[in-house]
Amino acid sequence: MIVASLQYHMCRMSNTSIAVLGTQWGDEGKGKIVDMLTPNFSVVARYQGGHNAGHTVYVKGQKFVLHLIPSGILHPGVTCVIGNGVVVDPKALFKEIDELARMGIAVDGRLRISEKAHVILPYHRELDVLSEARRGERKIGTTSRGIGPAYEDKIGRRGIRVCDLLSDFPALQEEVRENVSARNRIIKDSTLDWRPVFDQLVADGERMRPWVNDVSLFLWQAMKEGKSVMFEGAQATLLDIDHGTYPFVTSSNASVGGVCTGLGVSPKAIGGVLGVAKAYTTRVGEGPLPTELSGELAERLRESGQEYGASTGRPRRCGWYDAVVVRYSARINGLDALALTKLDVLDGLSEVKLCTGYRTAQGLLTEFPANLKTLASAEPVYETMPGWSSPTKGAKRMDDLPVEARRYVQRLEEVSGVSCAIISTGSDREETIVRPDSAITSWFGESVRA
Ligand code: IMP
């Protein structure tokens with residue numbers, strides 16, 4: 001017992017394993033931050049979601065969009081992990097692996113998929129679309145990737161896991177048969193045959209076999225050897241099934257709790273939490289967005305921020321920065337610092353606004369409400385600040401920023417209750433400010449460069 005705890009303590013002392021996650025409604029620009037920090041890690045591990053995520057990374061002007069495999073795969077020598085909390089669509093996985101191979105990136109030996117991860121079955125996508133159609137006006141605005149139905153099967157204890165595809169085929173056959181007949185009862189006049197579904201799953205399992213692993217054990221051993229792990233979030237805190245704007249959420253725990261359940265690691269393994277926040281707010285899909293803008297200003301942010309979904313191409317809804325949201329995220333996730341992205345998108349605006357509270361029928365709220373009706377009718381309380389005419393685009397140091405932009409960042413930090421360790425001023429890796437004496441330098445030393 002004493003030995004085990006000592007060993008654990010030793011491994012804690014030598015690791016700087018960090019969670020990097022979204023603090024708003026997703027699409028905060030996590031891809032770039034994750035990509036930039038990856039050289040500090042031996043392993044990048046995803047803990048939830050599926051191919052509903054879309055991480056766009058630009059390397060030397062070339063655009064990469066990854067949905068399922070952590071973008072760490074673009075860095076030679078880094079091992080990428082897909083945790084048990086992720087739902088895996090084999091077709092999407094193979095497509096990504098094949099695309100990476102075409103770009104000269106081999107995943108063999110560098111990819112580990114949890115044997116406990118649940119599989120998205122071919123008809124989950126169909127059920128996703130059907131459930132949205134049934135909700136009509138109340139639709140969630142899902143990515144139609146079958147994510148929700150796959151998690152429903154997991155929680156309903158009828159899901160099929162990656163390990164189920166690798167052996168005991170009679171048991172798998174039974175499961176598939178039952179699942180397909182349940183599906184046939186849901187979809188009117190449907191007579192899907194279970195056999196091709198089963199055959200496909202066995203073939204998928206065979207292709208996946210070399211990458212399948214006990215991910216929890218792998219991570220534990222890696223950390224014990226002093227290797228550091230980045231726990232990479234997908235979607236974001238306000239899309240978390242428990243803490244987000246339910247029911248307009250994704251079906252997993254995108255906030256920090258998901259790291260432990262979605263990878264089988266102890267909370268003590270998380271050495272720090274970096275929240276990614278956009279300098280304004282966006283969301284795709286339905287559900288309340290208190291600071292949402294319309295008209296010319298919304299269009300202006302959408303165009304200059306290229307606010308179109310990486311997975312679905314849908315235009316994102318845009319609004320001012322909401323400090324109530326980020327304060328809430330800071331509390332839920334225990335954020336040590338923020339990586340503030342897309343500051344340059346605000347360049348050229350005559351004024352910029354920060355939301356610090358909501359006016360509601362119940363009075364002034366400064367904490368994020370659970371009740372969606374309250375949220376939907378909330379009127380944002382804004383602080384208005386002067387904008388800046390000279391560009392922040394490409395700035396690498398705080399001193400390079402116009403004074404108004406510096407003041408905006410400072411006030412944003414004050415009202416959010418968390419400071420910015422990184423400020424992103426463009427889509428390229430180089431276009432980044434890493435602040436000295438921030439959480440980043442305390443985790444990784446002064447050598448972190450964009
Ligand atoms: P689902 O995850 O496809 O079930 O969609 C549920 C909600 O999460 C919808 O509002 C989606 O638009 C949103 N969502 C899912 N993945 C992402 C993402 O990567 N970025 C932003 N929103 C997402």
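Which domains does the domain assignment of the protein give? Keep that question in mind as you open the structure, which is a predicted model, and begin by colouring the chain by its confidence score. The pLDDT of the protein averages 93, and 95% of the residues score at least 70.

Now colour the domains. The assignment gives domain 1, made of 2-8 + 16-114 + 214-444, and domain 2, which covers 118-212.

Turn next to the place where the domains meet, and select the residues on each side: 33 residues of domain 1 are in contact with 22 residues of domain 2. Between them the two domains bury about 2,400 Å², and 59% of this area is on carbon and sulfur atoms. On the domain 1 side, show Val 87, Phe 94 and Ile 113, which supply 24% of the area that this domain buries against domain 2, more than any other three residues.

Finally, select the ligand and the residues around it. Where does the ligand lie in relation to the two domains? Both domain 1 and domain 2 give residues to the shell around the ligand, so the ligand lies between them. There are 15 residues around the ligand, and those that come nearest are Asp 27, Asn 52, Thr 143, Thr 250 and Arg 314. By type, the shell divides into 6 nonpolar, 7 polar and 2 charged residues.

Show the side chains to follow individual atom pairs. An N or O atom in the side chain of Asp 27 is 3.1 Å from a nitrogen atom of the ligand, while a polar side-chain atom of Gln 235 lies 3.2 Å from a ligand nitrogen atom. At Arg 314, a polar side-chain atom lies 2.9 Å from an oxygen atom of the ligand. Taken alone, the ligand exposes 470 Å², of which the protein buries 96%.

How values were computed: Residues numbered from 1 in each chain as written. Predicted model: local features only at pLDDT ≥ 70, side-chain atom pairs only at ≥ 80, totals over all residues. Heavy atoms only, no water. Near = heavy atom within 4 Å. Polar contact = N/O pair within 3.5 Å; in protein donor to acceptor, adjacent residues only side chain to side chain. Areas by Shrake-Rupley, 256 points an atom, 1.4 Å probe, with all protein chains shown as cover. Nonpolar A, V, L, I, M, F, W, Y, C, P; charged D, E, K, R; others polar. Domains from an automatic or database assignment. pLDDT = per-residue confidence, 0-100. Contact = heavy atoms within 4.5 Å. Buried area = accessible area lost by both parts, 1.4 Å probe.
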